[in-house]
Structures are given as C-alpha cells and as structure tokens.
Amino acid sequence: MKVLALLDAATGLAGNMLLAALLDLGLPEAEIHAPLAALGLAGAYRLELEERRSGGLRGLHLAVTSLEPQPAHRRWGELRRQLQEAPWPEPLKQRVLEVFGLLAQAEAAVHGHSPEQVHFHEVGALDALVDVVGVCAGLLHFRVEELVCTPPPAGHGVVATAHGSLPLPAPAVLELARLRSIPLASAQGFPAGELTTPTGLALVACWASRFALHPTHVPCQVGVGLGSRSLDRPNLLRLTLAQAHGGESAAQQTLLVQQAQIDDATAEDLAFLSEELRWAGAWEVFSQPIAMKKGRAGQLLTALLPPEQAEALRAVWWRHSTTLGLREQPQNRWVLPRRSLELATPLGPVRLKQAQLADGRWRSKAEHDDLVALARQHKLGIDQVRAVVQRAQLDAELPPSQQ
C-alpha cells in the first residue's frame with residue numbers, strides 16, 4: 001500500500017518542527033544518530049525532546065543543542081564533498097544532497113555569488129545538519145512515497161541573522177519559493193516574526209509532490225511537532241501518514257492562460273518578453289506562428305501561470321510588449337507527482353527530474369544543462385556523459401533517464 005504523507009503547515013515550517021513530528025510518529029532516535037555518527041558528529045550535539053502544549057494541544061518540541069566548542073562554518077563545496085563521501089544508503093545521500101544543494105542555490109542568488117562559495121552559517125550549522133539528515137532519514141524510515149503540504153505562511157517583519165536584521169519573508173525563503181514555484185500563504189493576522197525557515201522550506205520543497213489542500217485519504221498515524229514561539233493559535237505542524245483513497249496518482253490543478261497576438265515586435269523583443277514573463281512567475285511561455293490581418297505574419301504568445309500571479313504578469317505584458325489587449329482564461333490540468341534529486345556520478349553531480357506514473361513507477365530525466373556542463377568539463381561526447389549517468393542511476397537503483 002502506498003504511504004502518503006500529509007503535512008499541515010498552518011503556522012509555517014521549520015526543520016526542528018518536522019523532525020519533532022517524525023519523532024512523535026515513533027521514529028527511533030537511532031535512525032537520526034547513526035547517519036550523523038557516520039559523518040563524525042557523534043557527541044557533537046544533543047537532542048532535547050519534550051512533550052508540551054500549544055494552544056491547549058499536545059505535541060513534541062525539539063531543540064538541537066551543539067556540543068562543539070567551536071562550531072564549524074562550512075562552505076557548500078566542502079559540505080558537498082563530505083556528504084558525497086558519507087557511507088550512507090544512496091537514497092539518503094541523494095535526498096540530503098538535494099536539500100543542501102537547493103539551499104546553496106537560493107543563498108547564492110540572494111547574496112550574489114556562486115553556490116560553491118555559499119558560507120553555511122545559517123543553514124549549514126550543526127542544528128541544520130541534524131534537521132536535514134534526521135528528516136530525510138525519518139521519511140525514508142516510514143517509506144513515504146509521496147508528500148503533500150499545505151501552502152505555508154512565511155511571516156512578516158524582520159529577523160536577526162548572521163547577516164544582520166533581514167526582512168521577512170527571509171530572502172532565501174522567497175528565492176526557494178521562486179525556484180520551485182511554491183505558493184506561500186498569507187501571514188495576515190499573525191504577529192510579526194518568522195514562520196517559515198529556509199531549512200524547513202527546502203526540506204519540504206525536495207520531498208513534496210505539490211503544495212495544495214490534501215487529497216482524499218484515510219489517516220493512519222498523526223505526529224505533531226511544536227514551534228517555539230507563542231502565537232494567538234496553536235503553533236504546530238501536523239504530519240499525517242495516510243493511505244491514498246481512490247488510487248489516483250495525478251492531481252488536478254487550476255492554472256491561468258494569458259495570450260496575445262503580436263505582429264509588430266522583433267524576435268529579440270519577443271525573446272526578452274518571454275524571459276521576463278518567466279521571471280515574473282509564469283510556469284511556461286511559448287509562441288506559435290500565425291497569420292494575422294492583411295496577411296501579416298505574427299506570433300501567438302502564450303503564458304501558463306498560477307492564478308495568484310495574474311496581476312504581476314499583466315504588468316509585464318503592458319511594460320514589455322506592443323499588444324493592446326490580453327486574453328485570459330482559467331484551465332484545469334492534471335499533473336503527475338514529481339520531485340527533483342541530485343545524483344552523484346563519477347563525472348560529478350547531475351540533477352534529475354522525476355515523475356511518478358499511475359502504476360507507481362518513477363520516470364527520470366537528467367537536466368540537460370548538467371549533461372552539457374560535464375561534457376565540456378571532461379571533453380566527452382554528451383552521449384558518453386549520458387551513459388555514465390544511466391549507469392550511476394542503475395547503481396543507485398533509480399529508473400534510467402528518459403532522453
């Protein structure tokens with residue numbers, strides 16, 4: 001029976017809340033300690049687990065205390081090598097690498113340098129390592145095949161960090177949401193403060209097939225992780241292990257279609273418009289040649305987007321196109337559960353995109369940009385790189401890439 005994990009993030013996401021919820025489900029602490037000990041971190045931390053109440057509701061609160069006299073500040077390049085060399089099962093290694101790789105990508109974007117140079121004083125500290133490794137090990141322990149999370153609120157106001165006071169939502173949280181098209185719920189009505197942390201959002205971004213209301217299901221177990229802040233409501237995260245009801249693997253989404261017919265713009269201007277629409281939140285932008293009035297050749301430009309991004313994209317159309325009108329219509333689409341992984345290969349890491357088919361199988365496709373980069377780096381044909389990636393997938397017991 002397929003194990004479905006449903007995450008209710010009504011008051012946000014944090015790594016320690018996720019790990020506390022897994023421990024409340026019955027995750028043995030040994031599942032957390034063993035992989036961390038393999039990294040040489042035995043005795044470097046302590047888990048302080050306590051049953052508490054929040055808004056009258058029970059749950060587990062977890063704090064990770066560092067026992068290192070001088071906690072290390074790790075750069076992503078150094079941390080990645082350490083994780084790649086860890087003597088872990090391949091699924092755990094790939095999940096942890098994916099989470100930290102996504103965090104490095106977001107941090108690099110907001111600070112304006114390469115991911116290799118990201119200095120992990122916020123997300124790479126010992127407590128984040130415990131949270132990321134523990135959550136990934138816990139979800140694998142419970143054999144979770146799909147995770148669905150409600151859109152989390154990110155918070156508002158300011159937060160104190162190693163970079164000084166930063167606005168909320170935290171810049172890295174906004175970048176993670178942009179990179180993975182994650183909807184963020186409104187923080188209206190919440191007191192000022194951080195509700196979703198970069199580590200918490202990156203973990204769920206790498207595990208969740210979608211951020212939406214939960215599908216029809218039969219609950220089996222419920223774990224509750226409590227936050228540290230006092231709110232005007234229970235500050236908790238609920239993780240439900242459930243059985244899917246009805247056997248449907250694909251999910252229905254509502255999207256918005258925006259279209260305009262353009263016959264008085266250069267190819268360069270249309271390319272720029274398409275790129276700006278993507279930056280503003282469009283899931284996809286494509287064009288089709290059409291014949292317009294008086295026999296003029298034109299282009300039908302189409303953008304697919306989440307409905308909440310409609311106003312932002314309209315502003316882009318008016319600013320960067322010559323159109324005098326814009327068509328909009330809602331449409332429904334069915335999407336397969338999907339996830340992203342980072343695969344370690346003898347040539348270097350390669351990102352994989354995976355989609356789960358109705359029969360439960362996962363179909364994989366390697367990121368073409370990563371194949372091209374490795375082909376150039378090692379002066380190999382792209383077909384040779386693809387063959388190496390496919391062998392690495394077989395060794396990792398992942399389905400071969402579909403090219």
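**Exercise 1. In this predicted model, how do strands E13 and E15 pair, and over how many bridges?**

Start by finding the two strands: E13 covers residues 251-262 and E15 covers residues 297-305. Next, check the direction: they pair in the antiparallel sense, over seven bridges. For a spot to look at, take Leu256, which stands opposite Leu305 in E15.

**Exercise 2. Which strands stand at the edges of the four-stranded sheet?**

First write down the order, which is E14-E15-E13-E16 in an open sheet with antiparallel pairing. Now look at the ends. Strand E14 (284-291) and strand E16 (327-335) each have a single partner strand, so one side of each has no neighbour in the sheet.

**Exercise 3. Which strands do helices H8 and H9 lie across?**

Take H8 to begin with. This helix, residues 267-279, lies across E13, E14 and E15, and it runs at about 10° to E15. Then move on to H9, residues 310-320: it lies across E13, E15 and E16, running at about 15° to E13.

**Exercise 4. What lines the largest cavity, and which helix supplies the largest share of the lining?**

Count cavities of 30 Å³ or more and you get two. The largest has a volume of about 60 Å³. Its lining includes Leu7, Leu18, Val135, Leu147, Val204 and Trp207. Then sort by helix: H1 (15-24), H5 (126-141) and H7 (198-207) each supply at least two lining residues. The largest share, three residues, comes from H7.

**Exercise 5. Is Asp369 buried or exposed?**

Locate Asp369 in helix H10, residues 368-378. Its relative accessibility is 56%, and the cut-off for exposed is over 50%. Therefore Asp369 counts as exposed. To finish, compare Asp369 with Gly101: they are 268 residues apart in sequence and 16 Å apart in space, C-alpha to C-alpha.

Key
Residues numbered from 1 in each chain as written. Predicted model: local features only at pLDDT ≥ 70, side-chain atom pairs only at ≥ 80, totals over all residues. Heavy atoms only, no water. Buried < 20%, exposed > 50% of the residue type's maximum accessible area, 1.4 Å probe, protein only. Pairing = 2+ DSSP bridges. Contact = heavy atoms within 4.5 Å. Axes fitted to C-alpha atoms, helices over the stretch in contact; angles between N-to-C directions. 1 Å grid on protein atoms, 1.4 Å probe; cavity = no way out; pocket = protein on both sides within 12 Å on 5 of 7 lines; lining within 4 Å. Points joined across faces, edges and corners; volume = space filled by probe spheres on them.
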